[in-house]
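Please look at the sequence and structure before reading on.

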Amino acid sequence: MELNLGIIQKLKLLGKFLRHQFEQYQLRTNEYEVVQTSCGQIRGCKFNNVYREYGQYYSFEGIPFAKPPLGELRFRAPQPAEPWQGVLDCTKCRSKPLQYDYVTKRVEGSEDCLYLNVYTKKLKNEKPLPVMVWFYGGGFHFGEASRTYYCPDYLMQKDVILITFNYRLGIFGFLSLDDPDLNIPGNAGIKDQVMALKWIKENIHNFNGDPNNITLFGQSAGASSVHLLTLTEQTKGLFHKVILHSGSVYCPWAYTENRNLAYKNAIHLGYQGIKNDKKILEFFKNKNPKDLVVPDLNVLTKEDLFNGETLNYMPVVEPYVTADCIASKPHEELVENSWGNEIPFIVGTTTFEGLLYTSLVKKYPFLIDDITDFVNLLPQKIKSTHSHEKLKEMGLKLKEIYFDGQQPNSKDNFNQFLTLLSHKGFLHDTLRTIRDRRRYAKNTATYLFSFNFDSEFFNHFRINCCGPTVRGVCHADDLAYFFYGAVPDKLDKNCKEYQCLEQMIGMWCSFALTSNPNCDEIKSVKWQPLEDFVGAPKCLIVDKELQYAELPEYDKVRIWDKFYEENTDLK
């Protein structure tokens, strides 16, 4: 992740954050409500919806769902929260997980971060409400469950319950050590997610929620997490449908096979010993927690960047099995028999995910200018299973497909390179996911979407990544149509953007309620579940006007399929 914001952009963002804090203060009421949970009573408060005509909703924020992961619990699987006496104040969000803030360029957050937030319009109802649990993205190294980015106002226009929660990031959530005596096999951040889901299953009835109708939805790393949770027996029965925005377990940024990550990180932080897990762990435990948050661009060499290497901690295949093991085998081996094949999915991407990398590629133009045989652009899974001669053949195919057989340069081929990254990192992995669904989940519905609403002013992630003049629908541009926050302005209800927002909220809430996204807001279009496909699959194209049509750019993305078809173990 790289954001090169100018001073004026930063000042504008600061102004938005301050204005948003004041607005949230004004929307808060002096009405409070106490609810019983399994660990004790909590007090929440009522908020006015930012669109006042939708009334009020109850807000319970900062509810502990696990013990603070401090001391001996640092890096380890979470433990259940302990009971408390009296009424716990849950009227504001707690600290975000420790992370590097790419806007302020500072380390922010706290190790004590395992809290969740519950939002509901009704605490009493004849029929319990469907539950929607949001998983934030951020590449497993930044993100937070807060009102800054994820206010519930849009979803609180419907009769649903929304839950947001924190999970540990970076080294704190994804350190993996091979020594079984240390009991740090990795994936602690995913285990935080499982712990949150167990709390929700046990407690959501106290908030008028239906424990037998829980939908998980997430974006980017959040989507990859949700997909992974459908593959592990740890979560069977904890949720009933999922929505994946721009992410799956197959995305190359969603897992790592790098077993030298901890040692390399320790060396960077001043460790001078041998590669010994016990000594490395002791070194990490004695460090100030903020010193353990290292932006990978500060460490990576030019060669690392060129070859797509990363020092980000992320999910792994755990090197030994424990009682709370998430993944003991590669994802490809878990999919066929996973219990997630029994539940419905919505899966989709934005149409130009690769705009996410604009700042990075502008900062490091050698990522395009130094390309020779294109082998460096192939997925690691492919590079590790073929001879160099075969890889060079594949590289030449990329050159032909994306650059018309010409040698690319950063001046003339910038967008073509970002398109390649879009397909490599997001769209093709989504195709692999829906193929799995048609192969192993034929009896359950899978809906495919492509988000293509290219708003001039409301696609905020693109504006902040690329500047105000670039167009296209960037990674994370769809989030502004689900969550109010500090960055998006309140929309005029007569504009096309608000119409799109209503459609997205309507579809997602209909899916949460009935497992079918078709609803009154999209009467003009019938969104059909996927059928078997040989050519381009059909999807809902979300734009100023909705369309049910063939997936854009399928013919170009098909080249990545052919690479995997060379090795049937990777299909």
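What share of the accessible surface of the chain belongs to carbon and sulfur atoms? The accessible surface comes to about 22,900 Å², and 48% of this area belongs to carbon and sulfur atoms. The model is a predicted one, and the values below are computed from it.

**Overall build**

The chain has 16 helices and 15 strands. Along the principal axes, its C-alpha atoms fill a box of roughly 70 × 60 × 50 Å. A compact globule with 571 residues would have a radius of gyration near 25 Å, and the 23 Å of the chain agrees with that. Of the 571 residues, 61% count as buried. Among contacts in the chain with a separation of 6 or more, 73% are accounted for by residues 24 or more positions apart.

**Helix α13**

Helix α13 covers residues 414-440. Most of α13 is covered, with 23 of its 27 residues buried.

**Cysteines**

How many disulfides does a search of the whole structure find? The search finds 0 disulfides.

| Cysteine | Nearest cysteine sulfur | Distance |
|---|---|---|
| Cys45 | Cys93 | 10 Å |
| Cys539 | Cys500 | 14 Å |

A disulfide requires two cysteine sulfur atoms within 2.5 Å. Cys45 is in no disulfide, as the sulfur of Cys93 is 10 Å away. Likewise, Cys539 is in no disulfide, with the sulfur of Cys500 at 14 Å. Cys45 has a relative accessible area of 1% and is therefore buried. Cys539 has a relative accessibility of 0%, so Cys539 counts as buried too.

Gln9 lies in helix α1, which runs over residues 7-27. Is Gln9 buried or partly exposed? Its relative accessibility is 26%, so Gln9 counts as partly exposed; the buried class ends under 20% and the exposed class begins over 50%. Gln9 and Gly467 are 458 residues apart along the chain, yet their C-alpha atoms are separated by 9.2 Å.

Terms used: Residues are numbered from 1 along each chain as its sequence is written. This is a predicted model: local features need pLDDT of at least 70, side-chain atom pairs count only at pLDDT 80 or more; totals for chains, interfaces and linings use all residues. Side-chain values use heavy atoms; hydrogens and water are left out. Helices (H or I, at least four residues) and strands (E, at least two) are DSSP runs, numbered from the N terminus. The expected span of a helix is 1.5 Å times one less than its number of residues. Buried means under 20% relative accessible area, exposed over 50%, partly exposed in between (1.4 Å probe, protein chains only). The radius of gyration is taken over C-alpha atoms; the globule rule is 2.2 Å times the number of residues to the power 0.38. Contact means heavy atoms within 4.5 Å. Accessible areas come from the Shrake-Rupley method with a 1.4 Å probe; for residues, only the protein chains shown count as cover.
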